[in-house]
Amino acid sequence: MAGVPMRQAFGLALAEYGAANPDVVVLDADTSSSTLSRFFAERFPERFFNIGIAEPCMVDVAVGLALGGHIPFVNGFAALLALRALEQVRTCVCYARTNVKLAAAFAGLSDYKDGPTHHAITDIAIMRALPEMTVIVPADAEEAAAWVPPVAEYDGPVYLRLSRDVAIPVHDRSTGLCIGRGIVRRPGGDVTIVATGTMVGRSLRAAEGLAAEGIDARVLEIHTVKPLDVELIRQAAEETGALVTAEEHTVIGGLGGAVAEALAQTRPVPLERVGIADAFARTAPDVDSLMDACGLAVADVVAAVKRVLARR
Amino acid sequence: MAHYPESLITELEERARQLRITSLQMIHRRAAGHPGGALSAAEIMAALFFHRLRLDPARPDWPERDRFILSKGHASAPLYAALAARGFIPIEELAHWGDLSCPLQGHPDRLKTPGVEMTSGILGHGVAIGAGLALSARLRGLSYRVYTLLGDGECQGGIVWEGALVAARYRLSNLTAIVDCNGVQLDGPVHEILPLEPFADKWRMFNWAVLEINGHNMRQILEALDTAAEIHDRPTVVVARTTKGKGVSFMENNAAWHGVPPNDEQLARALQELKGGA
């Protein structure tokens, strides 16, 4: 799926899965042409509900559908699902443990055109803090599509964080996906880069560059930020002695925070976090230049690796 | 106009009286809870749980059961009292409400209490969640009805009206909202804090069928619930005009009794009034 935007792969996969599972219903908040839930809407109009520009209400309606035994996929912009609809998500989805799937579109900086109002750079931290929530961040289009069946078939709340755009391809369907189990994307013994979402591909590129300099970096993909694969991270700390995290999210409370917490309790080793600084970003002509400008460039990962190795 | 036998009315009025007594005893025992809005909803809760709702306590997961969502979740005492009287939970459990080891939470928790269809307590969710449940019933071809009970103060929150738009959009005639319009909220009279009138007109403008009744008149409640089931092109709201603290003279229309428990002496006076039928 090289060159395919993540949203397109997800939208098509959701429609395809809808044919196999009649319990799946899809909701959107007047963004189906953006999230591409419209692929599902076109095939299954009777199971698609456009709630209008009202994300909190959309989540509540989905809760009702889940109470009735349906499996609702709630599509909306990540910033709005994680912020405007947060009380609904906390109370009616997590606390009531209803089987609602939040498909959080345009996450991270991927709504580069609209700017910080529509960036979602705190959503992982927010969702990760909620009891009962599972947080999954696919790395590329292929992986986003592959998550649809396991997310639908898992019984409980899920926050599936999706990018609008094309991410560097890293996944192929022969690699199994299991909620809560990280993937070793590249073996290596000198240092470990722990990445999630769109930063997995960038971290693999960083590892290639480091290899040319004689540094053998392991790259772990943590698609499930919660529950975290603590054992895989502990093992990497033990075997490589230094870690770098990389995510399209603020450095506060996301993957970097989760890994720091895990290391503190298992195997404390030097850790550097690559992420967006504790500041709002800005508008840009494309997502790649914005990510580069926000400290998420391949060179930023390389630099973090060198910093952490110097501390080891 | 439907005819309801006198014996049914008498029985349901007695159920309402018992819900009031049990609720006040429960609130007094744990020294916490919401007496005012429990007392105002007693007839509505009695009509639902002892007559209108199609329920089977032996099968709390029966797919065809009617669904009731207590949107005004702070009125949990009469809900628990009704569920116990219907056999969903042991009567003895009511005396442990709020204890650390007791499954009965301050606000209803669907995972801990059989018969509680949805967790509630933060206001405003009942209509939108009820709309989703009503949509689910329609998709599955199930005939159950969805009921939700709100407070009037609760309708100051926008999420209520977002849900009302959705229910009207999909013409969810299997959804009935009942608003316990007791006119008083935590800080004072609703009309002073943030007026809602003309309240029934607002729902009409949102394309709901509106039935306005005296929420303490059992015949009117039964008739409204029956009428709602016969409206097939839109959701129905029953605007039930009630008195906050109804049945206990010193609690009536007094915001101070929204969320304050009675002490021993106040409970004794309240029970005397309720048991004496005053």
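Start by selecting the two domains of chain A: the C-alpha centres of domain 1 and domain 2 lie 26 Å apart. Domain 1 covers 6-161 and domain 2 covers 183-311; these bounds come from an automatic or database domain assignment. This is a predicted model, in which local features need pLDDT of at least 70, side-chain atom pairs count only at pLDDT 80 or more, and totals for chains, interfaces and linings use all residues. Residues are numbered from 1 along each chain as its sequence is written, while chains are lettered from A and ligands numbered from 1 in the order in which they are written.

**Between the domains of chain A**

Show the residues where the domains meet. Here 22 residues of domain 1 of chain A are in contact with 31 residues of domain 2 of chain A (in contact: C-beta atoms, placed from the backbone, lie within 7 Å). On the domain 1 side, helix H7 (123-128) and strand E5 (134-136) of chain A are the elements that give two or more residues. Helices (H or I, at least four residues) and strands (E, at least two) are DSSP runs, numbered from the N terminus. Coloured by class, this side of domain 1 has twelve nonpolar, six polar and four charged residues. Ala, Val, Leu, Ile, Met, Phe, Trp, Tyr, Cys and Pro count as nonpolar, Asp, Glu, Lys and Arg as charged, and the others, Gly among them, as polar.

**The sheet in chain A**

Next, select the strands E7-E9-E8-E11-E12 of chain A, which in this order form an open sheet of five strands with mixed pairing. Strands pair if DSSP finds at least two bridges between them. Strand E7 (183-186) and strand E12 (271-276) of chain A are at the edges with a single partner strand each, so one side of each has no neighbour in the sheet. Neighbouring strands are turned by 25° against each other on average, direction ignored.

Zoom in on strand E8 (191-195) and strand E9 (217-221) of chain A: they pair in the parallel sense over five bridges. A:Ile193 stands opposite A:Val219 in E9(A).

Helix H13 (298-311) of chain A lies across E8, E9, E11 and E12 of chain A, and runs at about 160° to E12(A). Axes are lines fitted to C-alpha atoms, for helices over the stretch in contact, and angles run from 0 to 180 degrees between N-to-C directions.

**Where chain B meets chain A**

Which chain A residues does chain B touch, and how many? 22 residues of chain B are in contact with 21 residues of chain A. On the chain B side, helix H5 (126-140) and helix H6 (158-169) each supply at least two residues. H5(B) gives the most, with eleven residues.

Technical notes:
Two residues are in contact if their C-beta atoms, placed from the backbone, lie within 7 Å.
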